[in-house]
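Q: How does one read the features of a protein model, one at a time? Let us start once the model is in view.

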Amino acid sequence: MINVFCIGDVIGTVGMKYLHRHLPALRKIKKIDVVIVNGENSADTNGITPDSAEFLLNCGVDLITTGNHSFQRKESYSLYDSDNMPVIRPANYPSKAPGTGSHVIDLGRVRIRVINMMGTVGMTPVLDCPFDTSDRLLEEIDEKIIIMDLHAEATAEKRALACYLDGRISALYGTHTHVQTADEQILPGGTGFITDVGMTGPVNSVIGVSIDAAIEKMKTKMPVRLNYADGLCMLNGIIFTIDEKTGKTTQVERINIS
């Protein structure tokens, strides 16, 4: 069995420092083999940078996934084509976009394929169909253990794709809404699932953003600098225990530390 820890969107410096404080102990206590983190909000004021990616990897992260803010910062473009930075963007971006949408984590005894995907319902930009893109990718993949980070707004889209891929991948977890759901489960075909793993960042915020800034933007509809909040933090994630021989999830544990 292997334990794969998937952590929700890390919010800025405050979220990264909180992750750094807790991840080493969690890896040891929970006997975690692989850590996957969504880092598209790891840079302060949004996006990901080489510095924030390096910080996450130094915390003990094995792979960084992203989403609709993948290319928010121009300095991030080189990350996706770097041999030294395991950072991926959604696989259903146009092929000319930097980087790739999947990555293999080789533990020696087993190889784990991680796929980053983005939903199309209520998302900007609107990318290729995640269902069709998943079918295409799975035809090219021979790893038994396959994990997908589906960065999407609509809960129904996340659930539908999980059911569509049930039995064909080991686990699918949602990111993007920054609110952890309580529906962790193993689908009939052996695919682990949760609608959204949540976020790692400030508790007293509006999904990571300063409360005053979020309210001002919603009340006035005017451009507002959405600075990240500070203070008490939480760490949200999920641990999938996966059978190396079958590629099926055998146990799901939701993590919420604050």
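A: This is a predicted model. Begin with burial: a residue is buried under 20% relative accessible area, exposed over 50%, and partly exposed in between. Tyrosine 77 has a relative accessible area of 35%, so this residue is partly exposed.

Q: Where does tyrosine 77 lie, and which residues is it in contact with, leaving aside its neighbours within four places in sequence?
A: Contact means heavy atoms within 4.5 Å. Tyrosine 77 lies in the loop between β4 and β5. With neighbours within four places in sequence left aside, Phe71 and Pro98 are in contact with tyrosine 77. Proline 50 is 27 residues away from tyrosine 77 along the chain, and their C-alpha atoms are separated by 9.2 Å.

Q: Is serine 76 buried or exposed?
A: The relative accessible area of serine 76 is 0%, so serine 76 is buried. Its place is in the loop between β4 (63-65) and β5 (102-106).

Q: Which backbone oxygen does the side chain of serine 76 reach at 3.3 Å?
A: A polar contact is a pair of N or O atoms within 3.5 Å. The side chain of serine 76 reaches the backbone oxygen of serine 70 at 3.3 Å. A polar atom of that side chain also lies 2.6 Å from the backbone oxygen of arginine 73. Not counting residues up to four places away in sequence, serine 76 touches Ile48, Ser70 and Phe71.

Q: What joins threonine 124 and proline 125?
A: Here the angle to read is omega. A cis peptide bond joins threonine 124 and proline 125, with omega about 0 degrees. Proline 125 has its place in the loop between β6 (111-118) and α3 (130-140).

Q: What is the phi of histidine 178, and what is that of lysine 221?
A: Histidine 178 has a positive phi of about 65 degrees although it is not a glycine. Lysine 221 is also a residue other than glycine, and its phi is positive, near 60 degrees. Histidine 178 is found in the loop between β8 (171-175) and β9 (185-186), and lysine 221 in the loop between α5 (211-220) and β12 (233-242). Histidine 178 counts as buried at 9% relative accessibility, whereas lysine 221 counts as exposed at 68%.

Q: How many helices and strands does the protein chain have, and how compact is it?
A: The protein chain has five helices and 13 strands. Its radius of gyration is 17 Å, close to the 18 Å that the globule rule gives for 258 residues, so the chain is as compact as a globular protein of that length. Its C-alpha atoms fill a box of roughly 50 × 40 × 35 Å, taken along the principal axes.

Q: What percentage of the 258 residues is buried?
A: Buried residues make up 55% of them. As for contacts between residues at least 6 apart in sequence, 64% join residues at least 24 apart.

Technical notes
Residues are numbered from 1 along each chain as its sequence is written. This is a predicted model: local features need pLDDT of at least 70, side-chain atom pairs count only at pLDDT 80 or more; totals for chains, interfaces and linings use all residues. Side-chain values use heavy atoms; hydrogens and water are left out. Helices (H or I, at least four residues) and strands (E, at least two) are DSSP runs, numbered from the N terminus. The radius of gyration is taken over C-alpha atoms; the globule rule is 2.2 Å times the number of residues to the power 0.38. Buried means under 20% relative accessible area, exposed over 50%, partly exposed in between (1.4 Å probe, protein chains only). A polar contact is a pair of N or O atoms within 3.5 Å; within protein, one must be able to donate a hydrogen and the other to accept it, and residues adjacent in sequence count only if both atoms are side-chain atoms.
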